[in-house]
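Please look through the structure below, with attention to chain B and to the confidence of the prediction.

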Amino acid sequence: MHFFRQHLIKKLFYLAITVFILAGCSSTSQVYNRENPSEPSASVYTAIYYIHADNDYLYHLSDGSAVRANEQALNSALEVAENALSGEVFIFHQKSQKKRLWIFPRNQNEYYHFKNGILQHYKKYRYSSGDDILFSKEAEIFKADRSEITQPDHQTYFFYFGHEIPRDQGGHYNRSISQMEVDSETFGSGVKSFLTGDQILDLVVISTCNNATPSLAKQLLPYDNYLLASAQNLHLSYIDTDALNLLETNKSTSAYDLAHAMSSQTFDRLSKEVFTAITLSIIDLKKVQNYINELDENISIYIDDNNPDPFPDNIDCQELSFFDAEAYSNGITAFYRPAKFGRPSRFKTHSGWGCKK
Amino acid sequence: MKSIKILLYTVAMCLLVQTVVTAQTSNVSETFKTHFNKTVTQVADADNADNKRAILNNSFDKMKTAINRIETSGQLSPAELAGLNAFKSDIDLKSAELNGLNGFSIVTDEDLDDFSKYAQQAIEQADRNVTIGLGTVLLIIIILLLL
């Protein structure tokens, strides 16, 4: 009897270990898959959310309570997705990669796919070797699940929530996967990986600090029409995207009008909540293409000559001597309110472009 | 039977240690954010302007001292050092403004609550982040607690 019990325990133990190992082998775990989706109507727009959470996103409310900003962004995105009755919404929540017993990788990242406001897929996934190229895994999932575009005026938007994307040398952006390079160039090529053929995005929203920059605009220009980003600090990291519901009442809302509505809503909210500067820029990439190479080249020369520290907050590019305000303002719509404290700017308005000093 | 017990205990210990390590993994900005959040609460609760100003100055000094000690410990990579230096420069600026130094007008008594929130919001922006090893973060926490 004793021998039999010992034998049984041994078997159970080995079974548990086997299940444990097998669970770690799959790079995705399907948690929810809608079996019999009702025939959805053709979507008027597609929105892709990428919420970065593999770093510090702690902030505090005015009552002192702690909040994880990435969780807040996820909840907002889910709410938008459930109300997107005419759209298709993909949400990627990239979290720190963790391992069981330092050996078996866990599926930490989350993926949600909504069509006409109904959840179609939810799964957890992780990066395997070869997935350490920015957005490569997400683009693969997106391309596998997206619907065919049938509407002639269909619009596609990409929303990025995270920390500042550096101009170059983008290693160590993630806490857990330092080998994944995240900088202007990899961001541009990463965005491209979501597209097929000569498709172009209608709007890219970068909800981070310091990314309304010529270098990022130059990288996105071949793949996007409009960019909404902040030239300097952006408190709480987050631009409001619920203006997407404009497309539910007016399907011909343009990408510029959508960007303008998001900027106005965000600007009004932040004006009531924060004492730091608020800078939001809508950049018409078709208009800035006439001068973006020249402007970026001037910045490169300035960097070579002055070696500015990449860590501090951006300044308004018009503070720098090479900036030609008349030439470099075409195609820019800037929302600006200076900080209540700190050194005042020499300028009453903002150029909409951010530079390192 | 005994060997299975030992094996089970080993696995349990591994899981326990992993949980503890994961819970403690942090980066330097989170540590300072948590510290400064207490400062903002204390400033709001302080009953007069002198106390509010003293609390802010003390908090800035603690953070600068912690950074100085970490920098001199020689454990940091150039990127980590650059990130921490930028953070320290920002604290220097806030400290100068609070006290009306380096060309700043002094923050008025009635603006001290707003200024403490402004400093907190500036610290909590989503700019570039500095990730530093767990040991260094623990050292910063100890310094912030002891000083």
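Among contacts in chain B between residues at least 6 apart in sequence, 72% join residues at least 24 apart, two residues being in contact if their C-beta atoms, placed from the backbone, lie within 7 Å. This is a predicted model, in which local features need pLDDT of at least 70 and side-chain atom pairs count only at pLDDT 80 or more, while totals for chains, interfaces and linings use all residues. Residues are numbered from 1 along each chain as its sequence is written, and chains are lettered from A and ligands numbered from 1 in the order in which they are written.

Chain B has six helices and zero strands, where helices (H or I, at least four residues) and strands (E, at least two) are DSSP runs numbered from the N terminus.

Helix α3 (residues 49–72) of chain B packs against helix α4 (residues 78–99) of chain B at an angle of about 155°, their axes 10 Å apart; axes are lines fitted to C-alpha atoms, for helices over the stretch in contact, and angles run from 0 to 180 degrees between N-to-C directions. The angle therefore makes α3(B) roughly antiparallel to α4(B), a term for angles over 145 degrees. Residues of α3(B) in this contact include L56(B), F60(B) and I67(B), and those of α4(B) include L84(B), F87(B) and I91(B).

As for confidence, chain B averages a pLDDT (the predictor's confidence in each residue, from 0 to 100) of 81.

Key: Parallel < 35°, antiparallel > 145°, perpendicular 65-115°, else oblique.
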